[in-house]
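Colleague: I have a chain open on my screen and would like to go through it with you. Could you take my questions one at a time?

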Amino acid sequence: MATFARMRGAARVAAVVAACGMTLAAVYTLHAVTGQARVLATGGFDNANASRTLVALGTGPQCAGYGGLPQGWGTDDKAGMVHLSGGDFVLGSRHGYPDERPAGAGRTRVAGFWIDQTEVTNAQFAAFVKTTGYVTDAERQHGAAVFHSPTQAELSARPLAWWTWVRDASWRHPEGPASDLRGRDNHPVTLVTQRDALAYAQWLGRDLPTEAEWEYAGKAGHEDATLDTAPRDLAGNPSANYWQGNFPLMNSNEDGHIGRSPVGCYAASDYKLFDMIGNAWEWTRDVYTGEHQGHSNGDTAAVAPADRLHGAAGHTPMVIKGGSFLCSSDYCVRYRASSREQQEADLPASHIGFRTVLRDKG
Ligand SMILES: [Ca+2]
Ligand SMILES: [Ca+2]
């Protein structure tokens, strides 16, 4: 992979894509699929939401003005959540990476559940920490993997130059000890591990979604190839926070956000969910058991010190979903609901957050 840094243009894209486990032709096919989205939901957003207040997000001014705590926070145990009735759907895609292929020809059924409309924000996580005194894995490990846009010189000097293990970076110091959360209460909390995410969820009597629950919510009742295109609205504008331009040197910022954005800057899905695609990857509770691929996108482990303190879950690879602000059409084409990535359960990184679910009883 060190060779990527010395490559230019198409040669570098080809090498990166090859390392991602798919051919250039497959990538271009991925981009070429078109067609009107069909809605085949057998469940989904339902009447349980009729009397509830939804978060008022979905535009730039709305997300910029959001304080990070949904209405009813602290009094309503489902504040900021919507209910999805159970249903069945095709888990996976035939248009994406090999590890996304649907298992068999059948459909996957999920039972009903409540799910956060947004990624969990810094304000929400801060409330959890203030109440419980919880110490995150990044704080215990005294570091985390942090992204920055490398210079050409940095890119030439080492592989994966966009990831750095930053000492004492944590959710409250996202770029390192000198940084803080001022002005970012409404951003997704990141640099949290799966253990951290589960601790927050359990504090609220909830859980992390399974991969199937997350994808059922992420597809919002749609079942067709448009799910596998770069997210754009009917006017052709980016409809999520991902990476436009050539990763990792040139971010054209067409979507208005170079890095993480506040939650809810883009229109909600048909299930009234924000940022299921992009912004921060999202932890699930599922272990990644698929074929290990030689792609390099998720290799935050490459910059983690060998002697870092490990949590109980250790190196166990877990499934994360939805892609992040780092997914581009020339690298990590994972700004799609079917996409999946593996991340060590106890490895905090600046592009991974989460949202919670509360399953129906019985
Ligand atoms: Ca962006
Ligand atoms: Ca997300």
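Colleague: What order do the 4 strands of the open sheet take, and what is the sense of their pairing?

Modeller: This is a predicted model, and in it the order is E1-E2-E5-E12, with antiparallel pairing.

Colleague: Why is one side of strand E1 and of strand E12 left without a neighbour in the sheet?

Modeller: E1 (44–45) and E12 (357–359) are the edge strands, and each has a single partner strand, so one side of each has no neighbour there.

Colleague: What makes E5 and E12 a pair?

Modeller: Pairing asks for at least two bridges. Strand E5, residues 113–116, is joined to E12 by 3 bridges and the two run antiparallel, so they meet the definition. For one bridge to look at, Phe113 has Arg359 as its partner in E12.

Colleague: And what makes E9 and E10 a pair?

Modeller: E9 and E10 share 5 bridges in the antiparallel sense, and the requirement is at least two. Here you can look at Val319, whose bridge partner in E10 is Gln342. Strand E10 (residues 340–344) is also mostly covered, with 4 of its 5 residues buried.

Colleague: How confident is the predictor in the protein chain?

Modeller: The average pLDDT is 86, and 86% of the residues score at least 70. Over residues 1–39, however, the pLDDT is below 50, although this stretch has 58 contacts in the model beyond near neighbours in sequence. Residues 291–297 also have a pLDDT below 50, with 15 such contacts.

Colleague: Which residues touch the most other members of the largest nonpolar core?

Modeller: That core has 77 residues, and the ones with the most contacts to other members are Ile115, Ala144, Ala145, Ala197, Ala217 and Leu273. Elements giving two or more residues to this core include strand E2 (81–85), E5, helix H7 (194–203) and helix H8 (211–219).

Colleague: What does Ile115 touch, not counting residues up to four places away in sequence?

Modeller: Its contacts are Met81, Val82, Leu84, Pro209, Ala217, Leu273, Arg355 and Val357.

Colleague: What makes H8 mostly covered?

Modeller: A residue counts as buried if 20 or more other C-beta atoms lie within 10 Å of its own. In H8, 8 of the 9 residues are buried, namely Glu211, Glu213, Trp214, Glu215, Tyr216, Ala217, Gly218 and Lys219. Just after H8 comes Ala220, with a positive phi of about 50 degrees.

Colleague: Which residues of helix H4 are buried, and why do they line one face of the helix?

Modeller: In H4, residues 122–132, the buried residues include Asn122, Gln124 and Phe125. Looking down the axis of H4, the buried residues fall within an arc of 165 degrees, so they line one face. The face turned away from that buried side carries Lys130 and Thr131, which are exposed. H7 is among what covers the buried residues of H4. Gly133 follows H4 with a positive phi, near 75 degrees.

Colleague: How many helices and strands does the protein chain have, and what percentage of its residues count as buried?

Modeller: There are 8 helices and 12 strands, and 46% of the 362 residues count as buried.

Colleague: Lastly, what share of the contacts with a separation of 6 or more comes from residues 24 or more positions apart?

Modeller: Those residues account for 79% of such contacts in the protein chain.

Notes. Residues numbered from 1 in each chain as written. Chains lettered and ligands numbered in written order. Predicted model: local features only at pLDDT ≥ 70, side-chain atom pairs only at ≥ 80, totals over all residues. pLDDT = per-residue confidence, 0-100. Contact = placed C-beta atoms within 7 Å. Core = buried A, V, L, I, M, F, W, Y, C linked by C-beta atoms within 7 Å. Buried ≥ 20, exposed ≤ 12 C-beta atoms within 10 Å, placed from the backbone. Arc of directions from axis to C-beta.
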